[in-house]
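Please study the sequence and the structure before reading on.

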There are 2 protein chains.
Amino acid sequence: MKPVVEALLAALGPELVLAGEAVPERNRADWSGLPPTRPLAVVRPRATEEVATALRICHAHGQAVVPQGGLTGLCGGARAGAGEVALSLERMAGIEAIDPATATMTVMAGTPLERVQAAAEAAGFFCPLDLGARGSCAIGGNIATNAGGNRVIRYGMTREMVLGLEVVLADGTVVTSLNRLIKNNAGYDLKHLFIGSEGTLGVVTRAVLRLQPRPRCVHAALCALASFAAVLGLLQGARARLGPMLSAFEVMWGDYYRFVTGRMPHVRAPLDRDHALYVLVEAQGTDEAADGQRFEAWLEAMLEEGLLADAALARSLGDVKAFWSLRDAAGEFRQVLGPHFSFDVGLPTGAMGDYVAACRERLLTELPGITALFYGHIGDGNLHIVAAVAGADPQPKEAIERAVYEPVAARGGTVSAEHGIGTTKKRWLPYARSPEELALMRTLKAALDPKGILNPGKVL
Amino acid sequence: MKPVVEALLAALGPELVLAGEAVPERNRADWSGLPPTRPLAVVRPRATEEVATALRICHAHGQAVVPQGGLTGLCGGARAGAGEVALSLERMAGIEAIDPATATMTVMAGTPLERVQAAAEAAGFFCPLDLGARGSCAIGGNIATNAGGNRVIRYGMTREMVLGLEVVLADGTVVTSLNRLIKNNAGYDLKHLFIGSEGTLGVVTRAVLRLQPRPRCVHAALCALASFAAVLGLLQGARARLGPMLSAFEVMWGDYYRFVTGRMPHVRAPLDRDHALYVLVEAQGTDEAADGQRFEAWLEAMLEEGLLADAALARSLGDVKAFWSLRDAAGEFRQVLGPHFSFDVGLPTGAMGDYVAACRERLLTELPGITALFYGHIGDGNLHIVAAVAGADPQPKEAIERAVYEPVAARGGTVSAEHGIGTTKKRWLPYARSPEELALMRTLKAALDPKGILNPGKVL
């Protein structure tokens with residue numbers, strides 16, 4: 001047994017430290033599709049002080065440590081290699097406090113997002129962060145990756161929901177910065193260093209989240225449009241006339257719509273399947289009757305302005321759910337499509353129509369037999385692409401990635417809008433960041449983790 | 001002449017470098033009330049490359065540099081001492097681009113906020129950042145201090161409006177990170193390091209700002225209340241029923257209201273002057289008739305729930321302006337009150353009523369003859385206090401500061417919610433930050449500015 005594992009066992013005991021064969025299956029793989037690994041050991045602390053102890057020992061031994069949450073990451077950021085220690089926060093789960101006057105929740109990092117949402121709801125509030133992995137992903141992982149999701153257009157990314165953080169640094173120093181104030185300009189706002197840095201600068205152990213008032217009603221429509229220019233017009237109209245009620249604006253290109261309504265028997269098609277584009281618009285309101293009326297009037301105005309080829313208005317929460325099932329079907333692509341690549345590029349909204357045309361053309365020309373589906377959170381400038389060549393084994397990874405990322409770089413976009421970099425997108429990071437930006441990231445990494453033990457080889 | 005000034009003159013010329021007696025009055029003082037200084041020289045670059053040249057030279061000479069914007073800071077953060085070089089961004093003013101599709105503006109750091117607001121307006125958008133110094137303050141300074149202002153409750157601080165930044169590091173390296181995307185998780189989000197760090201980590205030269213849809217109407221009411229508990233009830237009611245329309249919730253304690261309506265002839269009192277508390281509530285809407293109706297219905301509901309002692313509804317934009325003049329009167333305290341101290345503490349909203357009672361009691365008991373006025377952005381947990389002892393010269397600074405900050409620290413508050421630390425609040429920073437937080441700030445400072453030339457002695 002390696003001395004570092006012996007030291008961890010001596011300090012934390014065999015209940016918290018599992019080594020070798022004893023490493024559970026759950027800690028060997030994530031949702032990236034990369035092959036499973038077996039880390040040297042898994043440490044499963046129950047409290048911040050135990051995280052600090054583990055890091056102090058690993059730091060002293062120069063031992064690489066990989067923080068793990070719900071292991072739902074798509075880019076390999078929480079994947080622990082054979083010689084690495086996985087530091088799993090799974091036992092640090094629970095809501096510590098909800099303060100109704102400041103509308104905040106203090107929560108431990110290992111808490112599943114769904115539990116956070118339910119606790120907010122039970123206290124009369126709303127946790128706007130929501131993504132497909134809600135039942136499995138941990139709030140600490142959401143913070144470490146600055147998760148996005150469906151309602152960014154109204155509420156922002158995870159970053160916007162975090163008021164305070166407790167973080168353990170590489171050497172075991174605990175920095176407790178559990179601020180509950182919306183405004184606090186007393187010195188550097190340290191939390192932003194750790195949010196979205198994928199566990200490479202520190203390990204998030206607790207957080208203070210900002211809660212929102214619970215919406216009192218929800219309105220939705222599914223729209224069919226003939227061109228991307230019309231989509232931009234619809235977005236502009238939604239922003240101007242629905243104002244801050246607008247809570248989602250999800251675009252699906254025709255090929256996506258036809259795929260999910262054709263290949264997934266439980267997904268029904270509320271509109272004809274031959275349109276160029278579809279948009280799911282959602283608004284959250286505070287007054288069922290008045291806001292419903294306003295939403296309907298807006299939709300009529302958009303029809304009158306000639307922006308819509310067709311539209312279906314949700315008449316019930318069942319309809320809202322059915323519209324969302326079109327979009328949520330993306331979560332089941334693995335079953336239907338088999339092994340595939342999924343991308344989360346970002347582009348200036350105005351460049352997106354042109355990008356999709358160029359990227360699709362290139363994929364279809366260079367890779368005959370490819371299925372490529374386009375959809376995304378267009379209001380946020382975030383486009384998802386799913387691509388696979390039927391029957392190819394292995395899949396032509398390099399060619400697909402080039403066809404996706406090169407036109408992104410040419411349009412000033414980003415290689416990751418929400419999933420992060422992990423290991424799978426490291427190679428493409430220079431497409432989105434300049435040498436000076438990368439050098440500054442390395443300066444920060446060296447300052448906070450001079451021995452390079454925290455999630456080495458991830459992001460940078 | 002010092003060699004560093006000679007080197008600056010040689011590289012940038014006498015048009016851009018003013019030394020000794022030639023240092024203009026404007027670069028010798030800020031709005032902090034601290035005595036004027038005369039910096040060694042002032043450098044006034046016209047472009048990023050000239051900022052880089054100045055910093056490269058100062059870095060080579062180990063010369064302290066103080067970035068200056070509109071010089072409206074209240075904490076001395078832009079005050080350049082006798083041996084320091086002031087780096088004034090005043091000539092780097094102008095809007096570089098507005099992109100309607102992404103709703104973004106690219107702007108140079110020295111641009112006055114008012115010009116940013118006007119350009120957004122002219123393009124059909126809204127720049128939500130607004131503060132009293134709008135005509136003089138520069139957007140780069142707003143960013144460097146993470147300015148707050150009146151509409152944080154809806155739109156957030158300056159930080160939330162910044163999508164991209166260009167920064168020059170201490171050694172002259174230009175880091176251009178002019179991201180226009182709302183979502184970008186490609187590596188560390190570097191801009192947050194510089195926002196709110198008061199020019200101690202880098203010099204902001206350009207920024208990409210996120211614009212908002214222009215509100216189509218505004219509704220406001222002035223409310224009188226008998227207790228802080230009623231204020232909390234009103235805030236809860238506004239959040240739940242006005243939802244995201246709520247754009248300001250400004251509380252004035254009775255002593256403040258009586259002072260401004262009694263001592264400032266142009267400020268009229270729309271409600272009786274004997275109430276305990278007053279709240280100015282503002283909502284921005286998208287539909288004049290429907291939103292006006294909703295606002296009025298909300299106000300009636302609050303009256304029926306017994307939360308209000310009295311209320312006045314704005315019937316015109318003139319009324320809205322008159323209500324705001326009560327709040328904006330704070331900008332003229334210097335003329336009416338003479339030399340005084342002004343604070344911008346932050347507290348959990350629920351603790352604020354109790355804090356004000358405790359702080360006022362202590363000030364009145366310990367400092368007979370003191371005038372102490374309380375008001376603030378309560379929805380954001382930000383309280384302003386203005387205090388002066390009539391006729392005292394010098395003012396009892398230490399005693400007033402202790403009476404304000406000690407009860408803040410006891411309630412988990414912050415010594416600066418929006419103005420920053422500069423030099424005037426440095427002493428009190430440990431009241432709001434732990435030794436571990438301060439150590440981490442120092443680690444960052446050492447990593448980014450190892451020679452300590454950027455705004456030395458500020459914040460840390």
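**Exercises on the model**

A:Val459 is found in the segment after H15 of chain A, where helices (H or I, at least four residues) and strands (E, at least two) are DSSP runs, numbered from the N terminus. The structure is a predicted model, in which local features need pLDDT of at least 70 and side-chain atom pairs count only at pLDDT 80 or more, while totals for chains, interfaces and linings use all residues. Residues are numbered from 1 along each chain as its sequence is written, chains are lettered from A and ligands numbered from 1 in the order in which they are written, and side-chain values use heavy atoms, with hydrogens and water left out.

**Exercise 1. Describe the backbone at A:Val459 and at A:Pro394.**

Step 1. Phi of A:Val459 is near 65°, which is a positive value in a residue other than glycine.

Step 2. The peptide bond that leads from A:Asp393 to A:Pro394 is cis, with omega near 0°. A:Pro394 belongs to the loop between strand E18 (382-389) and helix H14 (397-410) of chain A.

Step 3. In chain B, the bond from B:Asp393 to B:Pro394 is likewise cis, with omega near 0°.

**Exercise 2. State which rotation superposes chain A on chain B.**

Step 1. Two copies of a chain are related by a rotation about an axis and a shift along it.

Step 2. Here the rotation is 180° and the shift along its axis 0.0 Å, with an RMSD of 0.0 Å. The superposition is by least squares on the C-alpha atoms of residues with pLDDT of at least 70 in both copies.

Step 3. The two copies are therefore related as by a two-fold rotation axis.

Step 4. The same surface serves both copies, since 99% of the contact residues of chain A recur in chain B; contact means heavy atoms within 4.5 Å.

**Exercise 3. Characterise the interface of chain A and chain B.**

Step 1. Chain A contributes 84 residues to the contact and chain B 83 residues.

Step 2. About 6,300 Å² is buried between the chains, 59% of it on carbon and sulfur atoms. Buried area is the accessible area (1.4 Å probe) that two parts lose on being put together, summed over both. A:Lys183, A:Asn185 and A:Tyr188 supply 16% of the area that chain A buries against chain B, more than any other three residues.

Step 3. The interface holds 8 salt bridges, each a side-chain nitrogen of Lys or Arg within 4 Å of a carboxyl oxygen of Asp or Glu. A:Lys183 forms a salt bridge with B:Asp380, with the closest N and O atoms 3.9 Å apart.

Step 4. On the side of chain A that touches chain B, the largest share, 9 residues, comes from H15(A).

**Exercise 4. Examine how domain 2 of chain A meets domain 3 of chain A.**

Step 1. Chain A is divided into domain 1 (3-88), domain 2 (95-213), domain 3 (217-330) and domain 4 (338-416), with bounds from an automatic or database domain assignment.

Step 2. The C-alpha centres of domain 2 and domain 3 of chain A lie 30 Å apart. In the contact, 6 residues of domain 2 meet 14 residues of domain 3.

Step 3. These two domains bury about 740 Å² between them, of which carbon and sulfur atoms give 40%. A:Asn150, A:Ile153 and A:Arg154 supply 72% of the area that domain 2 buries against domain 3, more than any other three residues.

Step 4. The rule finds 1 salt bridge across this interface. The side chains of A:Glu282 and A:Arg151 meet in a salt bridge (3.0 Å, N to O).
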